[in-house]
Amino acid sequence: MYEKEYLMLPGPTPVPPRVLRAMSEPLVNHRGPSFKKLIEEVTEGIQYVYQTKNDVLTLPSSGTGGLEAAIVNFLSPGDKVLALSIGAFGERFATIARNYGCIVEQIDYEWGTAANPDDVRTRLSADTKGEYKAVLVTHNETSTGVANDLKAISEARGNHPALLLVDSVSGLGVMDAKTDDWQLDVVVTAAQKGFMIPPGVAFVSVSPRAWKAYESSKAPKFYWDLGTAKKYLEKGQTSWTPPIPQYTALKEALKIFRDKGMDYIFTKQLYLRDITRAGVKAMGLKLVAADEVASAAVTAVWAPEGIEGKLINKKMREEYNVVVAGGQKKMENKAFRIGHLGYVQHVDMLVVIAALEMCLLDLGYPVELGKGVKAAQEVIMSRKGIL
Ligand SMILES: *Cc1c(COP(=O)(O)O)cnc(C)c1O
């Protein structure tokens, strides 16, 4: 294919050319001095994005492997955990805990809404025996485009010892998550979302409290054993053979984070969100998430009455080379999702909105061409100079 493709997914996300070039460097010995230097530099860069001094381990995996690591390293079969689920990824995290024998109390919120910190407060404050060992939460729910208030959820624990295990696979590097200030015990993310590199590495941060829990964890583990990973990291290595090109890519991508600073990244991401939402709303479409809880990484949109969501994705891809994601699980064929994280800029959103208008018109939805584009342009014009 020589045509340009717009990869507007909530992962994998477009990779900057300088990062792709970094991946073509010759391989090095993963037990030698160059890799040691590389992993040390990369780990420090990841800690910067995480806003943490906690240990951060890198694992050869997609995001889900990182989530599994968060469960098997800090919990044991029979442990009671509170899982806050606001969509498909919240369900996945709870399922992993259940599959490893945890007793999962799952609170399901209506898809499109955020978790209520008061539910954590009520349960944990009544738990005087300390039976809850952990609270599982999704930072950014990629299936619905809703961001949870991590800080409030963490604070709602009060002085209950339950660990907070966070799936921030599509949140870290996109939306603010102050790992140390907000006392987030274990935070999982992956390379192919906000970090702008191809899939293949997951990251897990571990607080001192979580390391204590690791000591008594009885869940079976081998490949994902973070104690092993920590021992190897101290020698400048990973437990098993790492995807080396991902590390050279990461080194380059992390330079972008350092050069721009996290405030720039967070501001830019909110800006892209607002452009997208304005354009979609002006077309008369319904958004899955309310403004107050809307994600800076992905926007989920309901397909108009009578139009199959899948047809919108198909037309966008086939006629305009714009690739957006479909609805997941119970939203399958009912919604579609526009990713706007990482290596994406304001005018890319105009392309998506323009293509969407044309597709919807072809599918019989009465949209006035240019209406969504105009609303999106107005957001851009009104915020000149914010970046
Ligand atoms: C992408 C994602 C994951 C992990 O998916 P993988 O395909 O395993 O990388 C987990 N949680 C959330 C919120 C995600 O967006």
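Let's begin with a definition: helices (H or I, at least four residues) and strands (E, at least two) are DSSP runs, numbered from the N terminus. Hello everyone! This is a predicted model, where local features need pLDDT of at least 70 and side-chain atom pairs count only at pLDDT 80 or more, while totals for chains, interfaces and linings use all residues. Residues are numbered from 1 along each chain as its sequence is written, and side-chain values use heavy atoms, with hydrogens and water left out.

First, what does the record say? UniProt, in an unreviewed entry, places the feature "domain: Aminotransferase class V" at residues 6-329. UniProt positions are in the numbering used here, feature names are shortened, and annotations may be inferred rather than shown by experiment. Over residues 6-329, the chain is 41% helix and 17% strand, with the end C-alpha atoms 24 Å apart.

In which order do its seven strands come? The order is 2-10-9-8-5-3-4, in an open sheet with mixed pairing. Strand 2 (55-59) and strand 4 are the edges, each pairing on one side only. From one strand to the next, the twist averages 20 degrees. Two strands pair if DSSP finds at least two bridges between them. As background, strands of a sheet pair through backbone hydrogen bonds, either parallel or antiparallel. Strand 8 and strand 9 (residues 186-190) run parallel, joined by three bridges. If you'd like to find one on screen, look at Val-166, whose bridge partner in strand 9 is Val-187.

Helix 8 (residues 226-234) lies across strand 2 and strand 10, at about 100 degrees to strand 2. For those angles, axes are lines fitted to C-alpha atoms, for helices over the stretch in contact, and angles run from 0 to 180 degrees between N-to-C directions. Contact means heavy atoms within 4.5 Å.

Let's turn to helix 4. Its twelve residues, 88-99, reach 16 Å from first C-alpha to last, close to the 16 Å expected at 1.5 Å a residue. That expected span is 1.5 Å times one less than the number of residues. Which residues of helix 4 are buried? They are Ala-88, Phe-89, Gly-90, Phe-93, Ala-94, Ile-96 and Ala-97. Buried means under 20% relative accessible area, exposed over 50%, and partly exposed in between (1.4 Å probe, protein chains only). The cover over these buried residues includes helix 3 (63-74), strand 3 (80-85) and strand 5 (132-138). After helix 4 comes Gly-101, with a positive phi near 90 degrees.

Now for some backbone details. Most residues other than glycine have a negative phi, and most peptide bonds are trans. Gln-183 is not a glycine, yet its phi is positive, about 55 degrees. Gln-183 sits in the loop between strand 8 and strand 9, and counts as exposed because its relative accessible area is 54%. Asn-333 also has a positive phi, near 70 degrees. Its relative accessible area is 23%, so Asn-333 is partly exposed. Finally, a cis peptide bond joins Gly-11 and Pro-12, with omega about -10 degrees. Pro-12 is in the loop between strand 1 (6-8) and helix 1 (17-22).
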